[in-house]
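Have the viewer open as you read.

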Amino acid sequence: IGHPTHAFDADMVGKTMVVRASKKGEKLTTLDGKTHSLPGGDIVIDNGTGELIDLVGIMGTANSVVQESTTRVLFFIDHSDPARIRKTSMSLAIRTNAAQLNEKMIDPNLAMEALLRGIALFQEVAGATVESPILDLYPNPTQPTTIVLSEKLVKTYLGLELPVKTQQDILEKLGCTVKRQEDSLSVTVPTLRPDLEIPVDLVEEIARIYGYHNLPSQLMDTRLPTSYPEDTDFSLEHTVKQFLADLGWQEVYTYSAVSTAVAEKSGKSLDSHLKLLNPLNDDHVYLRQSLVPSHKEVIEKNKHLESISIFEIANVYTPRENDLPEESLRLTLTSTWPYREVKGHVEALLTKLFIQKRDIEFAQKGNRHAEIQVRGTQIGSIVHEENGHTTAGFLWKSLLHASQKHPTYTPTSQYSPIIEDMTFTIPDKVKVGDVIKTLMATDSLIQDVVMKDLYHRNATFTIQYASNAKQLSTQDVEPIRKMIVEKLADSFRTAFVGKGV
């Protein structure tokens with residue numbers, strides 16, 4: 001019949017059965033001899049003294065099981081909350097047939113039919129006699145539901161004119177009571193099909209029985225929708241991932257739900273995180289608001305490696321009152337490489353996205369902490385932490401808007417550039433990035449500046465001079481060299497005003 005039943009040794013049970021929710025830490029020994037500590041909130045039966053005699057809907061207990069010496073049997077059928085049955089079954093790892101059936105919402109109206117069939121089998125197989133009347137506690141009987149199914153809805157979803165008589169025959173064979181109306185069917189669904197709740201559920205059943213292979217294979221008349229979210233660009237994603245992989249970074253996928261400890265490391269309070277009502281375990285309780293703590297876990301688990309650099313493009317989740325959380329796509333890079341190396345890779349990535357080098361700025365906000373700006377707008381940040389990790393993070397939407405689809409065309413000069421190296425001793429308080437900006441701003445003939453080498457505070461820069469109007473000579477470059485020295489000297493002095501240097 002498909003409804004789990006249970007038989008107790010009536011003399012072992014006693015005269016009292018109390019159906020209740022378990023308390024956390026209560027223990028019982030199931031009929032297979034295993035002792036379990038209950039998580040709490042599980043449906044159990046005790047004998048009135050607090051001793052548990054059944055784990056309802058899942059498995060009986062050793063202290064009430066039918067044995068060879070049993071002479072009186074208490075035949076028992078229950079209909080319990082499917083969600084509680086599944087939670088208890090999964091928590092205790094008890095996957096019995098009864099649990100698997102009960103967690104799927106069995107029709108409660110089958111209980112009496114199953115009970116009567118069981119009594120008949122007791123009499124037939126064991127020669128039993130019925131000692132007491134049936135006690136039926138069913139305060140709120142489940143009633144069949146009625147759904148109105150319109151002909152238009154069936155045609156819209158299936159894409160064909162299916163005769164109403166055919167629809168009616170299919171639903172009646174599934175146990176439904178069907179009444180034809182003017183342009184619809186009034187369908188009363190049996191209680192054994194709780195999955196049929198709305199008209200579309202009936203359409204699905206009609207299609208299933210009629211045969212999916214009989215439905216027409218025809219493309220829709222209109223164009224396929226192409227309205228993607230504004231921060232979606234799969235081509236850009238692929239470009240970013242491939243470029244970072246070429247630089248030596250490894251892509252990772254971490255869980256969106258994190259533990260309490262990881263959520264606390266995000267720098268935001270637990271109250272500001274969205275907590276899951278039904279977490280799978282203690283490691284996945286809160287929806288994260290930062291990728292950084294998850295990346296630190298990955299690096300910690302791989303600390304045996306000499307160095308590791310990882311990146312991820314994934315969502316973070318910000319709670320919203322009376323609404324689903326706001327999903328924000330982020331690109332986060334975390335590495336054990338030095339700060340300067342990671343910064344160079346970030347700059348290379350932005351250049352790969354056709355962002356002009358002169359538009360990129362790392363605005364210092366502290367020692368080893370800078371805002372990543374493009375044309376004056378912040379799109380991310382880069383931080384070197386005390387534990388030696390360097391993290392760069394981008395708002396994906398901002399990165400998407402800052403990037404260019406194509407490079408900016410610059411005509412190649414017909415004149416050869418002059419390229420030379422210059423080495424400067426940079427004071428401790430002066431940043432290399434500031435030196436490069438000063439060099440670039442010295443004269444319009446300076447086309448590019450790249451730091452070539454650094455030894456202690458001695459930095460060597462490769463400087464490229466070029467003109468679209470003529471071929472430059474040493475005499476043209478000599479005044480610029482003098483300006484470079486003067487400007488750098490001024491900037492070094494400015495950095496130490498009031499320092500006594």
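First, a word on naming: helices (H or I, at least four residues) and strands (E, at least two) are DSSP runs, numbered from the N terminus. What you have here is a predicted model, where local features need pLDDT of at least 70, side-chain atom pairs count only at pLDDT 80 or more, and totals for chains, interfaces and linings use all residues. Residues are numbered from 1 along each chain as its sequence is written, and side-chain values use heavy atoms, with hydrogens and water left out.

Start with the whole thing. The protein chain has 14 helices and 24 strands. Its radius of gyration is 37 Å, well over the 23 Å that the globule rule gives for 501 residues, so the chain is more spread out than a compact globule. (That radius is taken over C-alpha atoms, and the rule is 2.2 Å times the number of residues to the power 0.38.) Along the principal axes, the C-alpha trace spans about 120 × 60 × 35 Å. Buried residues make up 38% of the 501, where buried means under 20% relative accessible area, exposed over 50%, and partly exposed in between (1.4 Å probe, protein chains only).

Now zoom in on strand 16, which is where Phe311 sits. Is Phe311 buried or exposed? At 1% relative accessibility, Phe311 counts as buried. Leaving out residues up to four places away in sequence, Phe311 touches a set of residues including Lys241, Leu244, Trp249, His295 and Leu331; a contact here means heavy atoms within 4.5 Å. Ser335 is 24 residues from Phe311 in sequence, and their C-alpha atoms are 8.6 Å apart.

Follow the chain on to the loop between strand 16 (309-320) and strand 17 (323-335), and you'll find Asn322. Asn322 isn't a glycine, yet its phi is positive, near 55°. Asn322 is exposed, with a relative accessible area of 78%. His456 also has a positive phi without being a glycine, at about 55°. Look for His456 in the loop between strand 23 and strand 24 (458-465); with 61% relative accessibility, His456 counts as exposed.

On to the empty space. Rolling a probe the size of a water molecule over the atoms shows where empty space is left. On a 1 Å grid over the protein atoms alone, a cavity is a set of points where a 1.4 Å probe fits but cannot get out, while a pocket is an open set with protein on both sides within 12 Å along at least five of seven lines; lining residues have an atom within 4 Å of a point.

The largest pocket holds about 1,600 Å³ of space, a volume being the space filled by probe spheres set on the points, which are joined across faces, edges and corners. Its lining has 42 residues, with Leu74, Phe75, Phe76, Leu115 and Leu135 nearest the centre. Helix 4 gives the most to that lining, 7 residues. By type, the lining divides into 26 nonpolar, 11 polar and 5 charged residues. (Ala, Val, Leu, Ile, Met, Phe, Trp, Tyr, Cys and Pro count as nonpolar, Asp, Glu, Lys and Arg as charged, and the others, Gly among them, as polar.)

The second largest pocket has a volume of about 1,000 Å³. Of its 31 lining residues, Lys343, Val432, Gly433, Asp434 and Ile436 are closest to the centre. Helix 11 gives the most to this lining, with 7 residues, and the lining divides into 12 nonpolar, 5 polar and 14 charged.
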